[in-house]
Amino acid sequence: MTPKRRIPVYEPLLGQQERELLDDCIRSGWISSIGKYIPRFERQFARFCDCSHAAAVSSGTAALHLTLAALGIGRGDEVIVPSLTFVATANSVSYTGAKVVLVDVTEDTWTINPEQVESAITPRTKAVIAVHLYGHPCDMRPLLAITRPKGIKVIEDAAEAHGAEYSGKRVGSLGDAGCFSFYGNKVITTGEGGMVVTNDAELDSRVRFLRDHSMDAERRYFHPEIGYNYRMTNVQAAIGCAQMKRINAMVRTKRTLAQAYSERLRDIEGLLLPPEKEWAKSVYWLYTVVLERAFGISSAELARRLASAGIDTRPVFIPMHQLPMYATRRRFPVSERLSRNGLSLPSSPSLREKDIDHICGRIRRGKSGGMHP
Ligand SMILES: Cc1ncc(COP(=O)(O)O)c(C=O)c1O
C-alpha cells in the first residue's frame, strides 16, 4: 500500500510575512548584499542572542571559517573539535591551515567532553569549537574554566541551536563568538546563510572586513590582505527578518514536539531519548533517539521500516575520525556508539500531534517486527 503523505525529516515554515519582504526586495531592486534587511536582521539576531554584535554571512560554514580567520588562527595552530559533529566544523579549521584535534563527546550531553579537551591542550592550541549538537548546549562552565586561564578562544558552533540556553543564557553569548546556520532545515532559515555573534567589537569588525574581500573602508578597491566573499544577500536577510518574527514560537514549538515524542516513547525498552541536562534548555533541532541492544533491531533497520511507512529519518553524523581526511588510530567510543545507533526523527515545526502518534506507533510496530513485509 502506498503511504498517503510522506513525513519529511524537516520542512521550513514560510508564509505571508516572508513573501511580503521578498516582494519588497524585488520591487526595490535591492537583491544583492547591500540593503536595509541586512543590518536589520543583524540587529534583531544580536538582540535575540543577547550579544552586542552580529555579522550576517553566506552560510554557517562561512561563519566558522571567518571567525577562525578573524582570530588569526592558521598554519601551525591547533583547534580542538568534537569528533561527533557535522563535517563543516572540522573543515572550517582545515580551511585556515590549522590542525584539527579531535576529542570525544559525553554520554549525557552528546557534546564536547571538557575533560578530554583539557588533556588535548598543547602549546599550539588556539581555540576550541564547542558544538551545541542537535540543539543541546555544551557544558560551558568547565570548558571555560579550562580554556580562559590559558587564553584559548572558545567558538560556539550553534548552527543547530538557535534559542538554546545554558543556565538561562542564550547560546552564542557564552564563548568568544557564536556561529549560526540558517540552512533550510535549521530552527530559522534564510535558505542558505549564517551569522557570527560576539560581544567583542574588534572581532566583529575583523569578521566584517574579511567577509567583504578585506576592502579598506576609506579606499574603494584597496585590499590590504586576502579576504573572502562571504556576504549575505538582502534577499536572504529579508527572509531572516520575517523568520525573526517566528523565532520564539519556533523554539516553543520544537520543545513541545520533543515533549510529545518523549511522552510516547519513554516506556519503550532499549530506546534512549535525547538528553536535557538540568542546566540546559535544548531546542531539539532534530529529535534524535539511540537504539540499544534491547530494542531488538538496528537503527538502519528501523529507518528502513519507517521509510516503508512514509516516514523520513536521518542517521546521526559519521564521526570525523571515521572520515578519510580526519582518520586517526584513536578511538572515540561515545561518538561511535551514538553515530552507529542514533536516528533522527521528523522534527518540522509543522508536525501535528497525530503525525507524532503515527510515527511513535510505527516505531513500536517496527520494534516488534510487525512492519516486516
Ligand atoms: C554543527 C554544524 N556546524 C556547521 C554547519 C554548517 O552550516 P551551513 O550548512 O549553513 O554551512 C552545520 C549545518 O549545516 C551544522 O549542523
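Colleague: Which residues does Leu351 touch, not counting residues up to four places away in sequence?
Modeller: Leu351 touches Ile7, Leu257, Tyr261, Pro346 and Ile356, where a contact means heavy atoms within 4.5 Å. This is a predicted model, in which local features need pLDDT of at least 70 and side-chain atom pairs count only at pLDDT 80 or more, while totals for chains, interfaces and linings use all residues. Residues are numbered from 1 along each chain as its sequence is written, and side-chain values use heavy atoms, leaving out hydrogens and water.

Colleague: Where does Leu351 lie, and why does Leu351 count as buried?
Modeller: Leu351 lies in the loop between β14 (342-344) and α12. Its relative accessibility is 10%, so Leu351 counts as buried (buried is under 20% relative accessible area, exposed over 50%, partly exposed in between, with a 1.4 Å probe and protein chains only).

Colleague: How far is the C-alpha atom of Leu351 from that of Glu11?
Modeller: The two C-alpha atoms are separated by 9.3 Å, although Leu351 and Glu11 are 340 residues apart along the chain.

Colleague: Now to Ser299: what makes Ser299 count as buried?
Modeller: Its relative accessibility is 8%, and therefore Ser299 counts as buried too. Ser299 lies in helix α10. Beyond residues up to four places away in sequence, Ser299 touches Leu291, Arg340, Asn341, Gly342 and Leu343.

Colleague: Why are α10 and α12 called oblique to each other?
Modeller: Helix α10 (residues 299-307) and helix α12 (residues 353-368) pack at an angle of about 125°, with their axes 10 Å apart. Angles under 35 degrees count as roughly parallel, over 145 as roughly antiparallel, 65 to 115 as roughly perpendicular and the rest as oblique. So α10 and α12 are oblique to each other.

Colleague: Which residues make that contact?
Modeller: From α10 come Leu302, Arg305 and Leu306, and from α12 come Ile359, Arg362, Ile363 and Gly366. Sorted by class, the contact of α10 with α12 has 4 nonpolar, 1 polar and 2 charged residues.

Colleague: How do you know that the radius of gyration of the protein agrees with a compact globule?
Modeller: The rule for a globule is 2.2 Å times the number of residues to the power 0.38, with the radius taken over C-alpha atoms. For 373 residues a compact globule would have a radius of gyration near 21 Å, and the protein has 21 Å, so the two agree.

Colleague: What percentage of the residues of the protein count as buried?
Modeller: Of the 373 residues, 57% count as buried. Among contacts with a separation of 6 or more, 71% come from residues 24 or more positions apart.

Key:
Axes fitted to C-alpha atoms, helices over the stretch in contact; angles between N-to-C directions. Helix = DSSP H or I, 4+ residues; strand = E, 2+ residues; numbered from the N terminus. Nonpolar A, V, L, I, M, F, W, Y, C, P; charged D, E, K, R; others polar.
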